[in-house]
Amino acid sequence: MSFTQLPVALFAGFVSFLAPCVLPLVPGYLSAVSAVEADRLGDRGSARRVVVASIPFVLGFTAVFVLLGVGAQLLGGSLLRDQFLLEKVAGLVLVVFGLAFMGLLPWPERLLGAGLLQEARSRGSRLALGGAFAICAAPCIGPVLAAILVLAGSSDTVAQGALLLAVYSLGLAIPFVLAGALFTRMMGAFRWLRDHYTAIQFVSGAIMVALGLLLFFERFYVLRIYLNRALERVGIEPFF
């Protein structure tokens, strides 16, 4: 596994947060995991409660995604030994997802299996709710998740495959937890995202297409070069 794949996984997680089956439902999820009414999420003293309650939820979907990463590495390691072929497949999936995110191809916009979410919520387990979210959101965020899973399948070890999906989960978790900690301020950001959603989707999709093409044509080292230069400019020793 190349360490340059980690920023890709992180960005993919953030893009998944922007998916139409995730972003509009964030207030509802924050309310569900914290037992705070949606219209009171911005009240004084609620931020700490929401953030603390969000941690098991995040761990729940992280556990599911990491297990998928482990499975992908085990499957890829046993069936496909050609790492370059796997990266080409991942690149192709990223291109398709990018085109879909840009609105040029159709893709699911709703969560599937809502009953699973209701069952997890009725049990009162935030960890289970996070796991149910990962399962139900998978069809919607499937294309980008599939690309990261293919990259995990090309990893040399199970730990590397798990790490890729952990970083992907981190990219999804950071904006989620920030939304809980700074809900009132984030509402302004949500409104801005809503007003510019089409443009954000297009730009995010274009970035995914570019990353996919770099993978497909075996030019991913170009990204590593620019990352190293950026690190050097801020006085950090390159490690890619």
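## Helices α1 and α9

Helix α1 (residues 5-17) packs against helix α9 (residues 197-216) at an angle of about 150°, the axes being 11 Å apart. Axes are lines fitted to C-alpha atoms, for helices over the stretch in contact, and angles run from 0 to 180 degrees between N-to-C directions. Because of this angle, α1 is roughly antiparallel to α9 (a term for angles over 145 degrees).

V8, F11, A12 and V15 of α1 make the contact with S204, I207, M208 and L211 of α9 (contact means heavy atoms within 4.5 Å). Seven of these residues are nonpolar, one is polar and none is charged. Ala, Val, Leu, Ile, Met, Phe, Trp, Tyr, Cys and Pro count as nonpolar, Asp, Glu, Lys and Arg as charged, and the others, Gly among them, as polar.

## Basis of the model

The model is predicted; local features need pLDDT of at least 70 and side-chain atom pairs pLDDT 80 or more, while totals for chains, interfaces and linings use all residues. Residues are numbered from 1 along each chain as its sequence is written, and side-chain values use heavy atoms, with hydrogens and water left out.

## Helices α2 and α7

The axes of α2 (residues 26-34) and α7 (residues 158-181) come within 10 Å and cross at roughly 70°, which means that α2 is roughly perpendicular to α7 (65 to 115 degrees). Here V26, Y29 and L30 of α2 meet F176, A179 and G180 of α7. This contact has five nonpolar residues, one polar and no charged.

## Whole protein

The protein has 10 helices and zero strands (DSSP runs of H or I, at least four residues, and of E, at least two, numbered from the N terminus). Of its 240 residues, 45% are buried (under 20% relative accessible area, 1.4 Å probe, protein chains only).

Definitions and conventions. Angles under 35 degrees count as roughly parallel, over 145 as roughly antiparallel, 65 to 115 as roughly perpendicular and the rest as oblique. Buried means under 20% relative accessible area, exposed over 50%, partly exposed in between (1.4 Å probe, protein chains only).
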